[in-house]
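Here is a short briefing to read alongside the model.

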Amino acid sequence: MSEIVFSGVRRKFRRNGEDVPALDGIDLTVREREFVAIVGPSGCGKTTCLRMVAGLEFPTEGEVKVGGAAVRAPGPDRAVVFQQFALFPWKTVAENIAFGLKAKGVANGARHDTIARFVELMGLQGYENAFPHQLSGGMQQRVAIARAYALDPAVLLMDEPFGALDAQTRTVMQEELVKLARRNPRTVLFITHAVEEAVYLADRVVVMTRRPGRIREIIDVGAIRRAENWDRFERIEEVMDQASFVHLRTHIWKLLREQQQPHEH
Amino acid sequence: MNRAELGRGESWLLSAAGLATLLAGWTAAAISGLVPSQFLPTPLAVAERFVELTTTPFAGYTIQQHLLSSVGRYLMGFGLAAAIGVPLGLMMGWFRWLDDVVSPLFEAVRFVAPIAWVPFAALWFGTGIGGPTLIIFMGAFPPALINAYRGARFVEPRYVEAAQTLGAGNWRVIAQVLLPASVPSIVAGLRISAGLGWQSLVGAELIVASSGIGYLLVKGQASISTSTVMSGMIAIGIVGFAIDAMLRRAEAAIHARRGR
């Protein structure tokens, strides 16, 4: 049971003694093993949505439930991959991946097996004893994904995980994430401001309005992916060449573009 | 020449020149006879006395034995200050309630100078090892606690959040995140602690103790032996400098290991 449900979620921040609404009524269900991407203009509260599922922030009104229970605290059933990786700089690659497993009380032998498996899966062989600052951004994000996946979480929360990477590395990571997600499907909430990334990765794309954030439209990319059989392509650029892909991307772009127009009365 | 233009060799040369000027002025003043030699012995006489003190007991012990006794007390006091101050500071940085309980007490006590603890320390813990240890502890404790506390408070939130989302509880966050993330701040604090502790030690030994380098100073004064007093002061300076140099090296090694 790992369904994520937002019901009537509002969030206000206090700034200079005034309440500033950040999220203005979010209703959304991320089904079990569904990959949902949220796109929206910066400051629309998409990261806040993710942090509320993680238990790092809480709604001012409404409720966020995971697996039927209201979220009250962070926990390893909802692993997070942060934009700035947030690897522990004083720990090696292997120690970073081990962190959650130790907290979970996984025995030595099983822990080493798990670490070895994810080191191999994410192509980190030979870097087990390196410190994060010795790795490139792309490699660091591989470690962060391994660290999250190693916990075997029911829910995976990714906050612009590829935002800090260069274009080529980003493409490679997107393809790898798709492979990983096909092999180990999880309930995924993925925050991004890159439209192509959202369309390429997600089953559904949620487009948000600018602040205060509301849901503008939810696009069922999965239905089109299946109908057009995008999965027959190995490479992201081939998928992105499809007319169906271009059409979706343009549609979402337009929705986002609307949000840039000044709405002053 | 501004600071940036000064080379390392030139810098050394200037330091040596400063020392030479001091020694020359001192020697000139001592030889001139303006001050009786009993009160201002020449540097050479002090050096001779220093060497003599290493073989001939004064106030019961040789200067090394006095130093050893001082260092023993010092390690007790400093060790206790670090062992209590660092964990307590980290915990105060994490548990808000503990911060609320301890902070007012700590703020009230920390402005009582270590030397002001001397009478109390003597009454409660005597003049052997307990009293001086308490005084050193009082000198060394505040920076150890404050720096650990500040380190813990200013850890980048993303590390704490990452740990919590990976399932870490309070103690794991403190030990595995706050502690390692605060190491630079803690080590800087311990360097200050070490210096203040060493300074408090001598103050303590001037009054309570029957051995130690401070005790040697008092006895030197009583027998109007300026060269003995100066020898003791030089020993204090050298050991203090050595302690700081060791901690500076430890600090550099830690920073190097972290790649910053």
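Predicted model: local features only at pLDDT ≥ 70, side-chain atom pairs only at ≥ 80, totals over all residues.

Residues are numbered from 1 along each chain as its sequence is written, with chains lettered from A and ligands numbered from 1 in the order in which they are written.

**Chain B overall**

- Chain B has 10 helices and 0 strands; helices (H or I, at least four residues) and strands (E, at least two) are DSSP runs, numbered from the N terminus.
- Along the principal axes, the C-alpha atoms of chain B fill a box of roughly 75 × 55 × 30 Å.
- Of the 260 residues in chain B, 38% are buried, meaning that 20 or more other C-beta atoms, placed from the backbone, lie within 10 Å of the residue's own.
- Among contacts in chain B with a separation of 6 or more, 74% join residues 24 or more positions apart; a contact needs C-beta atoms, placed from the backbone, within 7 Å.

**A helix pair in chain B**

- Helix 2 (residues 43-53) and helix 10 (residues 226-257) of chain B have axes that come within 9 Å and cross at roughly 75°. Axes are lines fitted to C-alpha atoms, for helices over the stretch in contact, and angles run from 0 to 180 degrees between N-to-C directions.
- Helix 2 of chain B brings Ala45(B), Val46(B), Arg49(B), Phe50(B) and Leu53(B) to meet Ser227(B), Thr228(B), Met230(B), Ser231(B) and Ile234(B) in helix 10 of chain B.

**Sheets of chain A**

- One open sheet of chain A has 4 strands in the order 2-1-4-5 with antiparallel pairing; strands pair if DSSP finds at least two bridges between them.
- Its edge strands are strand 2 (18-30) and strand 5 (69-70) of chain A, each pairing on one side only.
- Strand 4 (residues 61-66) of chain A is joined to strand 5 of chain A by 2 bridges in the antiparallel sense, and Lys65(A) stands opposite Ala70(A).
- A further open sheet of chain A has 6 strands in the order 6-7-8-3-9-10, with mixed pairing.
- Here the edges are strand 6 (78-81) and strand 10 (215-219) of chain A.
- Strand 3 (residues 35-39) and strand 9 (residues 204-208) of chain A run parallel and share 4 bridges, with Val39(A) opposite Val207(A).

**Core**

- The largest nonpolar core has 134 residues, and those touching the most other members are Val36(A), Val53(A), Ala146(A), Leu157(A), Phe190(A) and Val205(A). Such a core is a set of buried Ala, Val, Leu, Ile, Met, Phe, Trp, Tyr and Cys residues joined through C-beta atoms within 7 Å.
- Leaving aside neighbours within four places in sequence, the contacts of Val53(A) include Ile4(A), Val64(A), Leu157(A) and Leu189(A).

**Contact between the chains**

- The contact takes 21 residues from chain A and 13 residues from chain B.
- On the chain B side, helix 7 (157-165) and helix 8 (170-207) each supply at least two residues.
- Helix 7 of chain B gives the largest share of that side, 6 residues.

Note on methods
Contact = placed C-beta atoms within 7 Å. Buried ≥ 20, exposed ≤ 12 C-beta atoms within 10 Å, placed from the backbone.
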